[in-house]
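Here is a short report on one protein model. Keep the structure open while you read.

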Amino acid sequence: MPDGKRVVITGATGLIGRALARRLQAQGYGIVVFARDPAKAREDLPGAAEYVAWRAEENGPWAKAVDGADAVINLAGAPLIGHRWTDAYKRQIRDSRVLGTRGLVNAMRQAAVKPRAFINGSAIGYYGASDKIGLTESDAPGRDFLGEVCAAWEAEAKPAQDAGVRTAIIRTGIVLDKHGGALPLMALPFRLFGGGPIRPGTQWLSWIHIADELDIILQALADERWQGPINATAPHPLTNRDFSAAIGKALHRPSWFPVPKFALNVALGEAAEMLTTGQNVVPAKALSLGYSFKYSEASAALADLL
């Protein structure tokens with residue numbers, strides 16, 4: 001596989017990474033999967049050009065795969081949902097993003113032939129819990145845990161740009177996909193006739209259909225104009241109450257059984273804040289660059305997925 005068609009991906013077995021790898025393979029790219037367990041990655045995502053043992057917090061032979069690659073796409077990070085946020089797990093959330101990005105950037109800076117592009121993951125948690133309408137890429141980071149994690153994560157990516165590698169930072173919202181992620185969990189109570197908003201219900205939910213998420217990443221990979229922070233969210237966020245009503249309509253189910261905040265606190269601990277607060281984020285940069293969303297309205301996205 002020519003170096004000009006070789007792309008290194010971390011987080012390739014996750015929700016976004018798996019779908020992205022398939023799209024890249026269909027376009028003729030050779031995928032180099034960086035994983036802590038290459039054998040398991042091979043089972044989960046067959047057909048890659050190479051599987052490389054990767055621990056970015058450690059120096060190792062994996063760095064050779066970065067040299068001469070067309071691009072590096074970094075989607076790795078410990079999951080936010082599914083674990084209680086103990087102090088130890090919060091360190092894992094932060095370190096998996098910050099140290100992982102630092103290691104990749106160091107490898108790119110030292111490469112004899114640097115990648116053309118670096119696409120680094122981030123999240124709209126960057127903005128912190130906010131009631132502001134229409135947060136854009138120019139808004140400041142929040143001061144809560146996720147805001148500080150995302151700001152530190154992005155800071156580690158910026159030296160790649162200074163080293164001559166075009167760098168795009170994708171601040172992703174809630175990704176809607178029928179195969180995994182948040183949507184199947186959100187839809188399950190509705191399927192059982194027990195769905196409804198998470199109280200208070202007025203918190204904003206900034207979402208994106210998986211098809212648009214992939215297209216934005218691919219645009220950032222291909223187009224030299226795409227660099228710096230980019231919000232990967234649909235143009236029309238909804239309140240949790242309105243989003244819940246849209247799920248109910250798509251499934252022809254009622255949507256008036258509220259989920260109390262205290263129940264989430266008992267079940268999830270501090271992680272419940274992700275569901276009881278939110279952000280109203282708009283994709284200002286993507287729209288200014290001419291990106292046209294396949295799914296700009298939640299009703300259409302949910303009808304397609306549910």
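## Phenylalanine 193

Phenylalanine 193 counts as partly exposed, because its relative accessibility is 48%. Partly exposed covers the range between buried, under 20%, and exposed, over 50%. This is a predicted model.

Where does phenylalanine 193 lie? Its place is the loop between H5 and E9. The backbone here deserves a look. Most residues other than glycine have a negative phi. Phenylalanine 193 is not a glycine, yet its phi is positive, about 65°.

Proline 200 is placed in the loop between helix H5 (182-191) and strand E9 (204-205). Is it cis or trans? The bond is cis, and its omega is near 15°. Most peptide bonds are trans.

## Histidine 252

Histidine 252 also has a positive phi, about 55°, although it is not a glycine. Find histidine 252 in the loop between helix H7 (240-251) and helix H8 (261-268). Is histidine 252 buried or exposed? It counts as exposed, because its relative accessibility is 68% and the cut-off for exposed is over 50%.

## Two residues and their contacts

Start with glycine 134. It sits in the loop between strand E5 (117-123) and helix H4 (145-162). Its relative accessible area is 21%, so glycine 134 is partly exposed. Buried would need a value under 20%. Which residues does glycine 134 touch? Leaving out residues up to four places away in sequence, they are Asp139, Asn280 and Val282. Now compare sequence with space. Glycine 134 and proline 237 are 103 residues apart in sequence, and their C-alpha atoms are 9.0 Å apart.

Now take alanine 220. It belongs to helix H6 (residues 210-222). With a relative accessible area of 0%, alanine 220 is buried. Its contacts, not counting residues up to four places away in sequence, are Ile119, Arg166, Ala168, Ile170 and Trp226. Isoleucine 169 is 51 residues from alanine 220 along the chain, and 9.0 Å separates their C-alpha atoms.

## The second largest pocket

How much space lies in the second largest pocket? The volume is about 160 Å³. Its lining has 13 residues, and the closest to the centre are Ala56, Asn59, Trp62, Gly103 and Asn106. What kinds of residue form the lining? They divide into 5 nonpolar, 5 polar and 3 charged.

## The whole chain

How much of the chain is buried? Of its 306 residues, 51% count as buried. The chain exposes about 13,700 Å², and carbon and sulfur atoms supply 54% of that area.

Take the contacts between residues at least 6 apart in sequence: 77% of them join residues at least 24 apart.

Key
Residues are numbered from 1 along each chain as its sequence is written. This is a predicted model: local features need pLDDT of at least 70, side-chain atom pairs count only at pLDDT 80 or more; totals for chains, interfaces and linings use all residues. Side-chain values use heavy atoms; hydrogens and water are left out. On a 1 Å grid over the protein atoms alone, a cavity is a set of points where a 1.4 Å probe fits but cannot get out, and a pocket is an open set with protein on both sides within 12 Å along at least five of seven lines; lining residues have an atom within 4 Å of a point. Grid points are joined across faces, edges and corners, and a volume is the space filled by probe spheres set on the points. Ala, Val, Leu, Ile, Met, Phe, Trp, Tyr, Cys and Pro count as nonpolar, Asp, Glu, Lys and Arg as charged, and the others, Gly among them, as polar. Buried means under 20% relative accessible area, exposed over 50%, partly exposed in between (1.4 Å probe, protein chains only). Contact means heavy atoms within 4.5 Å. Accessible areas come from the Shrake-Rupley method with a 1.4 Å probe; for residues, only the protein chains shown count as cover. Helices (H or I, at least four residues) and strands (E, at least two) are DSSP runs, numbered from the N terminus.
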